[in-house]
Amino acid sequence: MPLTSSAASTSGLTDAEVLHRRTRDGANVLPVPPRTPAWHLLLAQMTHFFAGMLWIAAALALLAGMFALGAAIVVIVLLNGAFAFAQEYRADQAAEELGSMMPARARVRRGSGTVEITASELVIDDVVILAAGDKIGADVRITQSSGLSVDESMLTGESVRVRRAPDDTVFAGTFVVEGDAEGVVTAVGASTRLAGIASLTATADRPRSPLDTQLHRLVLVVAAIAVTVGVLLSSASLALGSTVTQAMLFGIGVMVALVPEGLLPTVTLSLARGAQRMASENALVRRLEAVETLGATTFICTDKTGTLTRNEMSVVEVWTADGIVTVTGAGYDPTGSASGGAAAQQLAADAARAAVACVVGRAVRKDDAWTSDGDPMDASLDVFSRRMGDDASTRATPLLRLPFTSERMCSAAVLDDRAVVLGAPETILARCVGVDGVREPAALADMSARGRRVVAVARSRTAHTDATEAGLTVAISSDLELLALIGIQDPPRADVADAIATCRRAGIRLAMVTGDSAATGAAIATEIGLLGPTGTVVEGKDLPADDPAVAELLDREDGAVVARVTPADKLRIARALRSHGHVVAMTGDGVNDAAALREADVGVAMGRSGSDVARESADLVLLDDNFATIPKAIELGRGTFANIRRFLTFHLTDNVAELVPFVAWAMTGSEIPLAIGVLQVLALDIGTDMLPALALGAEPSNSRTMSGPPRTTDVVDGPLMRRALLILGPTEAALSMGAFITVMMLGGWTYGAEASDQLLAVASGSAFAVIAAAQMANAFVCRSETRAAWTIDPRRNPLVLAAIGVEVVLLLVFLGVPWLADLLGGAWPSTTGWLFCLLAVIVVPGVDAIHKQLLHLRRTR
């Protein structure tokens, strides 16, 4: 496509031209697929499987002439549906807000300068600058390139790199995996090739997460149990002489009592709340289920540069064959000085010019401060060259440049009729002539041991004018002259040592995986406490051939450092540790880290310095690139996981207490009257479950959250089920049935006798009140799986106190408003009934504390 307007101008479009094109073509955004209407989502909450069960129950009640019961069930379905819809809607809104926190970016030439904009601001004829790791934001015709390869799997499904040259078109949604380029935007928004494909996938369903699958399995099992038990006990009731109406009432009560209608939306909201709290701590969750997975993390593999260190690089010393040059200056400000012998300074200056020719990042002044534009190491070399006297405005442009790749381990350029190369010292020294094998390795070891990042610079010994990639590749493969070893300082972050100590206390093991040398990595790792006396230091090429051996080598309490790693090494490490039983979090920022990030249980990408490819592949994005954010996110993940277990326990406990009265009634052939009715069950579900469950989902983390190893159980496991169904549930059931029978007997009732309506109403109201009181106590009990309720400060979660307050008011309304009490089937409890309520508030926490103490004694034997 021919260039139009100013598209061919290296100065880029003017503001007026940008405005004209945006007005003409619209914003560079994909067509938004039609969203499911809110009414449709609400209707779905009224017609899913569990709601369907209740609709059937309501219909049966109406057919049996129980109009109040049928109407009440309908109201409950509507209330539960509205409640679930509100939670799902809030969770979706939270996910959208999180997704908008990190829009795609693009570097373009505008006017006479280079600026970074959001990809949505791109217009046709914009001059775009592309580098490895960038996500291409529009369809772009390449005008110049250097070693450009693109991953077009988003469009083609093929993950093979595709080489692109000038006049080729690269498409929106694809990624630059190697090289760099400039090009002109030819299509935006709905006109891009990606837009056509996106329209085909807009209706694709998202797969369920493992947590979602597990919870759906739980509620399906519970629902199946509810139906089965309801049918069996209803049949037993008929066999024992109950009427059809009584048996039907009984079956409906069992199903209503056991169906956990509000469980899934409560879990979703808890995950969304956890994700929002993580975002406030600079950890952006890209997938809600990652919140739960983070809490299970047992091993963190972290990069060094920019994650453990500040990523504020500065050249501080240069080794040359003629002596050492010391370089001083502040940050990326080019003003500074160099000291050393004249011959050494000349070699250092030559090395600086050669190094800058091999990179594209620069130091720029923005908002009255100097900062890096591009890779921070590139910018530090630019600053180094200026401090050595190089004038950036008259700097020669290299004829050709080969970008750094993990396979090549160096970058190169053709400058002043010479081939120059910058890269890993081991790679460069092996190609140099005149290296004695003593001085250079000694200098390298000395700088590395002091935590310096060291790169080597060399040039061809003879003239080189072949400006082709093949020719330059041959020229830098041998017969080179070493110019210098450049020592770059990148200090550790101030808070990283404390963060590593937190991980140690939490039982999380650590490994540094770095492209730097083993000595540099070990020096930094030791300084910040990641590497202890018995830790492992190994280079990627020396890793064992089989994965189990890799895991054994790296799985150390004192940490590990893997140096000179390749993307393939990172992938192997993640796979090996996972197969060893670890839940692995892997950090990455480069284009080639995507595979390892996807392999890890939690892929962690950098928000500031990371590539678009890495961010797209990650589950978690660190908005501040700081390692210290990872343990904070893990703490919130553990807290969210614990909260899900808290309200699951709370829900299941109440179900047992609601079910037992129906079982007792059926098993005794109604010799023991029904302690609570179906309407009372529904009232309990609203009055005792809803708000306290939400409050438990907001329980804050405490000092013990990151003490000891991470949890290794599923969100629903044997201990949780035993605690809810065999300890807390039966305790509540015993108390409520005890209150019911005691009040009945004190009123003159004997087993099998007919009770007066007034006595039955008072006893039923007492049983109802006891279950409600027991659930109030249970809300405090469920705040911890290990500590007694009275040892936990109630003020740490004021939402629980508020929920209990509302529950008390609802209980008084249900029992104290005459027409409502008559509708539900109860009456104001007797003094004995209230005494049992008080007893429930004492006994439930007491039984739970005894259970926890017994478990503690068993674990400590």
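You're looking at a predicted model, where local features need pLDDT of at least 70, side-chain atom pairs count only at pLDDT 80 or more, and totals for chains, interfaces and linings use all residues. Residues are numbered from 1 along each chain as its sequence is written, and side-chain values use heavy atoms, with hydrogens and water left out.

Select 547-554 (helix H18) and 567-579 (helix H19): their axes come within 8 Å and cross at roughly 85 degrees. H18 and H19 are therefore roughly perpendicular to each other. Show side chains next: Asp547, Val550, Ala551 and Leu554 in H18 meet Arg572, Ile573, Arg575, Ala576 and Leu577 in H19 (contact means heavy atoms within 4.5 Å). That set divides into six nonpolar, no polar and three charged residues.

Now for the hairpin. Pick 362-366 (strand E13) and 369-373 (strand E14), which pair in the antiparallel sense over five bridges (pairing takes at least two DSSP bridges). Ala363 stands opposite Ser372 in E14. Two residues sit between the strands, and Asp367 takes a positive phi near 50 degrees.

Last stop: Leu620. Which residues does Leu620 touch? Leaving out residues up to four places away in sequence, Leu620 touches Ala283, Leu284, Val285, Leu294, Val602, Gly603, Val604, Ala605 and Ala633.

Note on methods
Helices (H or I, at least four residues) and strands (E, at least two) are DSSP runs, numbered from the N terminus. Axes are lines fitted to C-alpha atoms, for helices over the stretch in contact, and angles run from 0 to 180 degrees between N-to-C directions. Angles under 35 degrees count as roughly parallel, over 145 as roughly antiparallel, 65 to 115 as roughly perpendicular and the rest as oblique. Ala, Val, Leu, Ile, Met, Phe, Trp, Tyr, Cys and Pro count as nonpolar, Asp, Glu, Lys and Arg as charged, and the others, Gly among them, as polar.
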